[in-house]
Amino acid sequence: MSIWRRLGIRVRLALALSGVALLSIAFATVLSNSGVTTRLDQSASTRLHMAANHTAQLASELYQSQHQWTPQTLAELGHLGGVSDYRLAVYDTNGKLLGGLVPLSKTLARQAVIVSDASVGSIVLSPSRGQILTGTDNALRDGLNTDHMVAAVAALLVGLFAALLIAEQFSRPLRKLTEAASMIEKGELGARVPLTGAPETAALGRAFNRLAETLTREEEVRRAAAADVAHELRTPLAGIISRVEAAQEDRKSVV
């Protein structure tokens, strides 16, 4: 706290404005990163459900050609899931696993296999590594996070520069006021401050100039009064001095 009190108003303003800019940038960066992650998750989930729907249609065609679930059909579906980088599982209408790989995570897409308007089973797709985001999604997210950090640093530097300029603009009238007060303290009553800056600082400068003018008038009155007193005292003193000198001359002549 003592360090803060020793800082000038210009430094305080710069630090305060920089702090506000930093908090704003950090808040915007967090929101942006959170929004990117959410969008990527939604996009990956949409792709997963679209892949499940497409696989269920293919499974329906394969089932119709064989009129049942065959090892060859299950193998073809498993190969399709592997190519698409998904874990694929085929279940019958009772929920029994017929073939494929059991999902590794709760993130999955289930699609019924419909043949002649009747369900003959279901297809379940899940991320192959248990994560819904693919390597491409993670690379995109990391790239966007890097771009956000670079933008945040650039914005912080610009904000710091702008804060210094604003702090200089706000503190300049106060420095002028301090300089003028120091000149008046040294006896230079003609010191005045320019009426610039914000309305508040301009009003303060106007009040200071009026005070300086009042001090100047009071000094003029004091000097005039001192001159009048000196003048009024000079005549009787001159008479007294002349009489004393005359008395001294008379005394010398008598002696």
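This report describes the sheet, the aromatic residues and a few single residues of a predicted model.

Four strands make up an open sheet, arranged in the order E2-E1-E4-E3 with antiparallel pairing. At the edges are strand E2 (97–100) and E3, each of which pairs on one side only. On average, neighbouring strands of this sheet are turned by 25 degrees against each other, direction ignored. In general, the strands of a sheet pair through backbone hydrogen bonds, either parallel or antiparallel.

E1 and E4 are joined by six bridges in the antiparallel sense. Val90, for instance, has Ile123 in E4 as its bridge partner. Helix H3 lies across E1, E2 and E4, and runs at about 155 degrees to E1.

**Arg87 in strand E1**

Arg87 belongs to strand E1 (residues 86–91). Its relative accessibility is 17%, so Arg87 counts as buried, the cut-off being under 20%. Apart from neighbours within four places in sequence, the contacts of Arg87 include Leu101, Val102, Pro103 and Leu104. Val124, Leu125, Ser126, Pro127 and Ser128 are also in contact with Arg87.

**Aromatic residues**

The structure holds one aromatic pair. Its members are Tyr63 and Trp69, placed edge-to-face with 5.1 Å centre to centre and 65 degrees between the planes. The angle counts as edge-to-face because it is over 60 degrees. Both Tyr63 and Trp69 are buried.

Another ring, that of Tyr91, has a charged residue over its face: Arg110 lies there, at 5.4 Å from the ring centre.

Most residues other than glycine have a negative phi. Which residues here have a positive phi although they are not glycine? His67 has one of about 65 degrees, and Ser116 has one of about 55 degrees. The table sets out where each residue lies and how accessible it is.

| Residue | Phi | Loop between | Relative accessibility |
|---|---|---|---|
| His67 | about 65 degrees | helix H2 (9–66) and helix H3 (71–83) | 63% |
| Ser116 | about 55 degrees | strand E3 (109–115) and strand E4 (118–127) | 67% |

His67 counts as exposed because its relative accessibility is 63%, where the cut-off is over 50%. Ser116 is exposed as well, with a relative accessible area of 67%. The loop that holds His67 leads from helix H2 to helix H3, and H3 is the helix that lies across E1, E2 and E4. Ser116 sits in the loop between strands E3 and E4, which are next to each other in the order of the sheet.

Definitions and conventions
Residues are numbered from 1 along each chain as its sequence is written. This is a predicted model: local features need pLDDT of at least 70, side-chain atom pairs count only at pLDDT 80 or more; totals for chains, interfaces and linings use all residues. Side-chain values use heavy atoms; hydrogens and water are left out. Rings of Phe, Tyr and Trp (its six-membered ring) pair if their centres lie within 6.5 Å; planes under 30 degrees apart count as stacked, over 60 as edge-to-face and the rest as tilted. Buried means under 20% relative accessible area, exposed over 50%, partly exposed in between (1.4 Å probe, protein chains only). A charge sits over a ring if NZ of Lys or CZ of Arg is within 6 Å of the ring centre and within 35 degrees of the ring normal. Helices (H or I, at least four residues) and strands (E, at least two) are DSSP runs, numbered from the N terminus. Contact means heavy atoms within 4.5 Å. Two strands pair if DSSP finds at least two bridges between them. Axes are lines fitted to C-alpha atoms, for helices over the stretch in contact, and angles run from 0 to 180 degrees between N-to-C directions.
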